[in-house]
Number of protein chains: 2
Amino acid sequence: MNIGQAAKASGVSAKMIRYYETIELIAPVHRTEAGYRIYDDQDVHALRFISRARDLGFSVDQMRELLALWRDRDRASADVKAIALSHVEMLEEKARALQQMSATLKHLAANCHGDGRPDCPIIEDFANIQPPMAKSTRKPRFGAAVLAPAKSG
Amino acid sequence: MNIGQAAKASGVSAKMIRYYETIELIAPVHRTEAGYRIYDDQDVHALRFISRARDLGFSVDQMRELLALWRDRDRASADVKAIALSHVEMLEEKARALQQMSATLKHLAANCHGDGRPDCPIIEDFANIQPPMAKSTRKPRFGAAVLAPAKSG
DNA sequence: GCTTGACCTTACAACGGTGGGAAGCTCCAT
DNA sequence: ATGGAGCTTCCCACCGTTGTAAGGTCAAGC
């Protein structure tokens with residue numbers, strides 16, 4: 001099976017399959033004499049595993065752990081559960097943070113006339129806030145990395 | 001006021017202030033003869049505006065719009081409100097997606113013994129799912145970009 | 001056998017936003 | 001005059017993914 005077919009069968013783009021190989025998330029596969037990568041069902045199986053984990057928001061590093069556990073027949077399910085649950089916490093914290101931002105913005109928007117008048121509490125809030133806390137005590141900021149439009153799929 | 005003082009007063013790091021200048025999010029400021037950037041209260045005001053908008057998850061491009069509206073005294077508050085509300089929708093969609101992931105994972109974890117036995121529905125789910133949909137119909141994936149740990153302060 | 005087009009290969013750059021560091025200059029206090 | 005803190009520019013790294021360029025290969029049709 002060529003990389004293109006493996007990509008279709010697994011849901012991971014050929015581009016990303018090669019990338020995952022270079023960062024050693026997956027092992028190099030066999031090649032034809034011409035240098036084409038060849039994938040068998042087991043390889044595709046692992047790629048589907050990766051696709052699913054990415055869909056659930058696991059980072060590449062976390063996938064490394066999960067793949068190791070998957071391949072280890074003697075792993076304790078407790079190990080897997082621990083990773084999953086800590087990931088759940090992270091997901092929920094991010095979700096809460098996004099909702100907090102949303103609530104703040106909604107509150108500001110609710111007090112905005114939304115007509116032609118220039119008075120706007122949103123702008124005023126942005127412009128008139130107190131100086132931020134000192135760096136060491138500020139909360140982490142969820143910026144564009146968190147909010148960037150998801151492009152792949 | 002030097003860049004360092006402006007950074008402290010605004011909550012935007014000196015590094016990022018320079019970066020925002022290069023991408024023309026903010027205009028170049030005056031310099032001393034030696035080339036040091038000088039910031040006045042108005043500049044710091046704008047930087048605080050930016051800091052606040054970043055905290056609320058606005059992208060640099062969105063900040064460009066907001067800053068333009070802020071500087072335009074005749075802007076309609078409706079414009080600002082529209083940007084804010086569309087941003088609210090985006091935030092909520094992201095939050096929902098994260099919660100969906102979390103729910104799926106929790107469901108899987110709930111059915112995992114979490115003991116020494118190797119059987120684990122989490123891993124099994126990852127390994128045995130159906131082949132993903134064709135590329136064109138797949139949902140956007142919220143990957144590491146969305147979930148990356150927030151590092152800045 | 002030759003052409004065409006789809007597919008493969010590698011290598012490099014870009015995105016967004018931020019941090020890190022080097023090499024050199026300037027300012028201020030001692 | 002010297003030291004150190006702070007400034008300058010410049011380049012590099014991260015993450016995950018996509019795009020593109022320049023070339024090799026395969027299979028089909030003529």
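This is a predicted model: local features need pLDDT of at least 70, side-chain atom pairs count only at pLDDT 80 or more; totals for chains, interfaces and linings use all residues.
Around DNA strand D there are 20 residues, and those that come nearest are Lys15(A), Tyr36(A), Gly4(B), Arg18(B) and Tyr36(B).

**Surface near DNA strand D**

- Of the atoms of DNA strand D that come within 4 Å of the protein, sugar and phosphate account for 65%.
- At least two residues of this surface are supplied by each of two helices, α2 (14-22) of chain A and α1 (3-10) of chain B, and α2(A) gives the largest share, with four residues.
- Sorted by class, the residues near DNA strand D comprise nine nonpolar, six polar and five charged ones.

- The side chain of Tyr36(A) places an N or O atom 2.7 Å from a base nitrogen of DNA strand D.

**The largest nonpolar core**

- This core holds 70 residues, among which Ile17(A) and Ile17(B) touch the most other members, and helix α5 (residues 77-110) of chain B gives the most to the core, with 11 residues.
- When residues up to four places away in sequence are not counted, Ile17(B) touches Ile3(B), Ala6(B), Ala7(B), Ser10(B), Val12(B), Ile26(B), Tyr39(B) and Leu47(B).
- In soluble globular proteins, nonpolar side chains tend to be buried together.

How values were computed:
Residues are numbered from 1 along each chain as its sequence is written. Chains are lettered from A and ligands numbered from 1 in the order in which they are written. Side-chain values use heavy atoms; hydrogens and water are left out. A residue is near a molecule or strand if one of its heavy atoms lies within 4 Å of it. A polar contact is a pair of N or O atoms within 3.5 Å; within protein, one must be able to donate a hydrogen and the other to accept it, and residues adjacent in sequence count only if both atoms are side-chain atoms. Ala, Val, Leu, Ile, Met, Phe, Trp, Tyr, Cys and Pro count as nonpolar, Asp, Glu, Lys and Arg as charged, and the others, Gly among them, as polar. A nonpolar core is a set of buried Ala, Val, Leu, Ile, Met, Phe, Trp, Tyr and Cys residues joined through side-chain atoms within 4.5 Å. Buried means under 20% relative accessible area, exposed over 50%, partly exposed in between (1.4 Å probe, protein chains only). Contact means heavy atoms within 4.5 Å.
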